[in-house]
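This briefing is meant for a reader who is meeting the structure for the first time.

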Amino acid sequence: AGYLERLKLVEDRLAVTNAFVTGDRFTIADIPIGVEVSRWSCAMERWARDAAEGVAPPPPTMPAVPGLEGFFRRLQARSAFVDGCLTPEREHFGLPALGGQGELAAIFGRGR
C-alpha cells in the first residue's frame, strides 16, 4: 500500500478514538505516527514554499484528514513533541521557527 493508503488506516482509527491512536490517552503508539506526520508536514510546507518561489512544481493536493489534523494539534500541545520532534524537523527543512505559545504548524503544510 502507498503512503496515502497507510495514512487512511490511521485516519480511520483516529475517527474511532477521537484522540490518540489507541484511545483517549497518549501512548508509545502515537510516537512513530507523530514523527511521520511531523516530517511529512514539514516536507509539504517546504515544497509549497519552494513552489511559491518558482523553484519547484506545485505540491500534490492532500486529502482531508480531520482525525490526523486533530491528532497533530494535540501532539503540538505537548512540549516534548514540539521540542524533540517538530522543532528539529522544521530546522531540517529550513522552515522558520513557530512564533511562540499557541502557534501551531499546519498538517501537511496547509495554510502556511
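Which residue just after α2 takes a positive phi? In this predicted model, that residue is G54, whose phi is about 80 degrees.

**Helix α2 and its buried residues**

- Helix α2 covers residues 30–52, and its 23 residues should span 33 Å at 1.5 Å a residue, which agrees with the 32 Å between its end C-alpha atoms.
- The buried residues of α2 are D30, G34, V37, S38, S41, C42, M44, E45 and R46, and these buried residues pack against α3 (66–76) and α4.

**Packing of α2 with α4**

- Helix α2 and helix α4 (residues 79–92) pack with their axes 9 Å apart and at an angle of about 30 degrees; because angles under 35 degrees count as roughly parallel, α2 and α4 are roughly parallel to each other.
- The crossing in which α2 passes α4 is right-handed.
- On the α2 side the contact is made by G34, V35, S38, R39, C42 and E45, while α4 contributes F81, C85, L86, E89 and R90.
- Sorted by class, this contact of α2 with α4 has five nonpolar, four charged and two polar residues.

**S38 as a single residue**

- S38, which is found in helix α2, has a relative accessible area of 0% and is therefore buried.
- Leaving aside residues up to four places away in sequence, S38 touches F72, F81, C85, L86 and E89.

Conventions: Residues numbered from 1 in each chain as written. Predicted model: local features only at pLDDT ≥ 70, side-chain atom pairs only at ≥ 80, totals over all residues. Heavy atoms only, no water. Axes fitted to C-alpha atoms, helices over the stretch in contact; angles between N-to-C directions. Helix = DSSP H or I, 4+ residues; strand = E, 2+ residues; numbered from the N terminus. Parallel < 35°, antiparallel > 145°, perpendicular 65-115°, else oblique. Left-handed = near helix turned anticlockwise from the far one by under 90°. Contact = heavy atoms within 4.5 Å. Nonpolar A, V, L, I, M, F, W, Y, C, P; charged D, E, K, R; others polar. Expected span 1.5 Å × (residues − 1). Buried < 20%, exposed > 50% of the residue type's maximum accessible area, 1.4 Å probe, protein only.
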